[in-house]
Amino acid sequence: MAAVSVIRVIFISVLISCVFAKFEEIRSQEEAFQYIAKKRYATPKIDLVEASPILYPLLDRIADELESENFFEQTDHNGTTSQPSTSGTTTEPSTNGMSTFEPITNETTPEPAATTLSPGTTTTKTPYNQCKSDLDTLGIDFLKYFSDKSKKYAAMMVDSYGKVPPGILQGNTQWIGLYDQCLRQTKEKTQQTFGAQYCIAHALNKTTNAQILAVGICVPDSCSEGALDILLYEGLLKLTLAKELTAYVSCNKEFEYNAGAISCLVLLSIIGVLIIAGTSYEFFTIYCVYQDDPLGFKTLTEEPDMINQEGSVQIRPSPTSNGVHMMSAEEGSQSYISFSRFVKKFLLCFSLITNGSKILKPTQGQSSLHALNGIRVLSLFWVILGHTYFFPLSLFSNPLQIVPILSRFSFQAVGNATFSVDSFFFLSGLLITYLTLNYLKKNNGSLNWGMFYLHRYLRLTPVYMLVIFIYTTLTPHFATGPMYSAVFDPNPVGYENGMTYCQKYWWTNMLYINNLYPTALGAECLGWSWYLANDMQFFIISPFIIYLLYHYAPVGISICISLLAMCFGSLIGLSIAKDIQATPFPLDPTRENFLGDDLYQKPYTRISTYLVGMAVGYILYRYHGRVRMPRYVAIIGWLIATGIGLSVVYGLYGTMHGHELSRGASVMYITFCRFAWAIALGWVSFACITGYGGPINTLLSWSFWIPLSRINYCAYLLHPIIMMVFQYSLPNLIYFSDFLLIYFFLGNLVLSYSAAFILSICVEAPFMALEKLILKRDKSV
């Protein structure tokens with residue numbers, strides 16, 4: 001059958017060639033066509049025992065076998081549905097109208113049962129038969145191309161198939177073909193007209209579910225994934241591979257704008273209208289009304305009190321009658337003026353002029369801890385660098401070349417980029433302790449703790465939820481590519497992805513418990529947001545510690561020590577119980593490493609660095625940032641901090657060369673590595689703030705970091721989305737090399753911070769201003 005042959009020849013013969021390296025050299029396009037035609041009916045038998053063991057564990061399983069649609073439904077003249085039987089196939093209707101296709105267990109090819117025609121009845125070609133018919137046409141037209149150039153569409157579709165590339169021994173087992181060329185093809189000018197769709201055929205080892213090969217195929221758009229699954233399985237049967245391999249097909253999809261996407265666009269449009277209104281109002285007010293009186297405009301935007309036309313505050317007694325408040329005509333006028341001023345200030349919250357000037361202002365107050373800006377921004381640079389190398393692991397055409405690169409000494413800084421997140425925990429603990437203690441001192445120990453929590457929640461959540469909303473509803477429409485729809489499909493069949501995780505678990509992000517439920521990092525909505533959940537949980541308990549540090553310092557210090565001991569005990573217990581290996585890379589697939597779910601994202605294993613930050617913040621508060629120490633003490637401190645930091649980052653270099661740590665040493669490293677990193681960073685911060693930082697302080701306090709630090713939060717939220725949209729929209733795989741990844745890293749930096757600036761100026765800054773306006777919150781912690 002031509003229908004089976006087209007897929008069998010292009011995909012199965014390529015599979016055989018890959019597994020056994022029996023490749024035939026193809027030197028030109030004409031040779032390629034002749035080669036495919038020659039192999040059209042070849043059905044060699046092979047023994048998978050000979051298969052190279054290198055190819056099996058290259059990539060993790062992409063998805064479970066997809067449930068197929070009911071391809072054998074036939075409609076009679078009354079419009080009712082009948083279910084013909086098939087040989088070797090069992091189809092059971094399910095409650096959602098879908099049928100489950102069971103794999104064939106014998107050599108019989110499934111064919112739809114014949115329909116008995118009676119007078120007055122008509123037959124409707126089933127989707128399965130339509131797919132086979134179109135594939136037959138494609139195969140015939142392809143063979144005619146050599147004598148009839150009008151059949152070029154068929155040659156172009158077949159040419160779009162994935163073919164045997166170089167680099168098989170480097171792990172190149174994803175042969176995705178030509179995605180764009182496939183989608184441009186259409187068979188026209190005949191009674192049988194169809195377009196082309198791009199699909200990927202996956203072959204998996206039945207025992208391990210490891211992917212052996214993925215090949216791009218270009219097929220008629222009448223072929224659904226389930227029909228192609230059946231045809232592909234027929235090919236495996238004819239090659240006697242059904243017992244060793246399983247296969248499924250995933251096809252590219254074009255997504256429609258659903259209710260969620262439309263709602264998101266409406267919300268963004270409303271924000272856009274407010275931004276235009278606010279910016280226009282400020283522009284015309286500055287240049288038309290207050291052009292000669294800039295102080296007047298400043299008063300309008302900042303003063304919460306009632307201002308009269310002369311710029312003085314109006315305070316008038318409220319008229320009363322019999323103890324009941326009566327509004328006079330003058331007071332009614334004042335109320336109207338007050339409401340008018342509120343509307344104006346509301347619009348100014350969305351002004352790009354005001355928000356942009358606040359973000360880009362390269363100065364801070366004298367009391368600010370300037371060196372922390374550099375640490376914050378450089379830490380995010382480190383995060384983006386690590387993600388640049390590890391996010392596209394499944395897209396590399398030479399994945400086996402990664403192993404020698406991971407073992408390089410210079411690469412340890414990239415491989416251990418996870419310590420950058422501990423820098424964020426440290427900074428959070430330092431700042432919240434230092435700023436809150438100083439506020440308590442200025443206000444005689446009083447602080448509205450309810451507002452303390454509310455401000456934090458309103459500071460982080462609106463922009464956070466908007467990013468999730470955009471990611472879940474609009475990213476499927478941002479781009480397209482051979483693997484893009486599988487990653488961003490909002491309604492995938494047979495597997496789950498980031499879209500479905502956000503649809504199911506977005507509320508856990510809103511409550512900041514997504515690091516606890518779901519339990520697996522890979523199943524979270526915005527997997528990188530586990531950090532925000534931890535940070536919020538640490539923030540929730542911080543007032544209790546800070547209050548004790550202010551009023552009963554010894555008790556507060558004891559609580560910190562107890563929490564630190566709890567963290568160390570958790571790490572020791574989990575490391576021993578689960579035999580966790582001290583390596584950032586899963587060198588032994590049977591053992592968990594210290595970046596696994598049990599250790600990496602739980603608050604009780606990550607709080608140590610936050611507590612170190614609180615300790616440094618308390619010391620800075622007690623000594624008011626003014627410390628005197630001999631020069632040699634400062635030098636010794638820098639040497640010790642440098643040695644600790646380098647030991648943490650490069651200490652596992654030997655494990656990449658077969659020198660695994662003993663079990664006791666592994667437990668020690670896992671328990672204290674992040675605490676030690678915070679100690680090293682604590683010295684850097686303390687020395688720079690107290691005047692012993694030298695050129696390091698000059699670098700970290702550079703005014704260049706100030707605007708970037710203000711949009712760091714938005715950059716953290718957005719950069720993985722930007723990277724995934726770019727990577728999965730690429731028409732080809734990525735050939736891993738340092739120069740290429742460094743180029744990607746620089747591009748990711750620029751795009752992430754550019755997008756973060758837009759998000760901050762349009763969403764984050766306006767909501768911060770609205771909170772201050774509505775809650776009448778003064779500038780505090």
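Helices are DSSP runs of H or I with at least four residues, strands are DSSP runs of E with at least two, and both are numbered from the N terminus. By that rule, Leu526 sits in the loop between helix 17 and helix 18. We return to that loop below.

This is a predicted model, in which local features need pLDDT of at least 70, side-chain atom pairs count only at pLDDT 80 or more, and totals for chains, interfaces and linings use all residues. Residues are numbered from 1 along each chain as its sequence is written, and side-chain values use heavy atoms, with hydrogens and water left out.

Start with confidence. pLDDT is the predictor's confidence in each residue, from 0 to 100. Its mean over the protein chain is 79. A value of 70 or more is reached by 76% of the residues. Residues 1-123 stay under 50. For that stretch the model has 224 contacts beyond four places in sequence; a contact means heavy atoms within 4.5 Å. Residues 304-326 are also below 50. They have 29 contacts beyond near neighbours in sequence.

Now the whole chain. The protein has 27 helices and eleven strands. Of its 781 residues, 50% are buried. Buried means under 20% relative accessible area, exposed means over 50%, and partly exposed lies in between, with a 1.4 Å probe and protein chains only. The accessible surface is about 37,000 Å², and carbon and sulfur atoms hold 61% of it. That area comes from the Shrake-Rupley method with a 1.4 Å probe; for residues, only the protein chains shown count as cover. Among contacts with a separation of 6 or more, 75% link residues 24 or more positions apart.

Next, the interior. In soluble globular proteins, nonpolar side chains tend to be buried together. The largest nonpolar core here has 185 residues. Such a core is a set of buried Ala, Val, Leu, Ile, Met, Phe, Trp, Tyr and Cys residues joined through side-chain atoms within 4.5 Å. Tyr464 and Tyr753 have the most contacts inside this core. Leaving out residues up to four places away in sequence, Tyr464 touches Asn509, Tyr512, Leu526 and Tyr713, among others.

Asn497 caps the N-terminal end of helix 17, with a side-chain oxygen 3.0 Å from the backbone nitrogen of Met499. A polar contact is a pair of N or O atoms within 3.5 Å; within protein, one must be able to donate a hydrogen and the other to accept it, and residues adjacent in sequence count only if both atoms are side-chain atoms.

Then comes the loop between helix 17 and helix 18 (530-551), which holds Pro518. A cis peptide bond joins Tyr517 and Pro518, with omega about 0°. Tyr512 lies in the loop too. Its phi is positive, near 60°, in a residue other than glycine. Tyr512 is buried, at 2% relative accessibility. Leu526 also has a positive phi, about 55°, although it is not a glycine. Leu526 is buried as well, with a relative accessible area of 3%.

Thr433 is in helix 14 (residues 419-442). Its relative accessible area is 0%. A polar atom of the Thr433 side chain lies 2.8 Å from the backbone oxygen of Gly429. Beyond near neighbours, up to four places away, Thr433 touches Ile546, Leu549, Met614, Gly617 and Tyr618. Thr433 and Tyr621 are 188 residues apart in sequence, yet 8.4 Å apart in space, C-alpha to C-alpha.

Arg606 is in helix 21 (residues 603-623). Arg606 is buried, with a relative accessible area of 1%. Its contacts beyond four places in sequence include Asp422, Trp530, Phe538, Tyr600 and Arg674.

Asn398 lies in the loop between helix 11 (371-390) and helix 12 (402-406). Asn398 is buried, with a relative accessible area of 1%. A polar atom of its side chain is 2.9 Å from the backbone nitrogen of Phe736. Asn398 also touches Gln170, Ile734 and Tyr735, which are among its contacts beyond four places in sequence.
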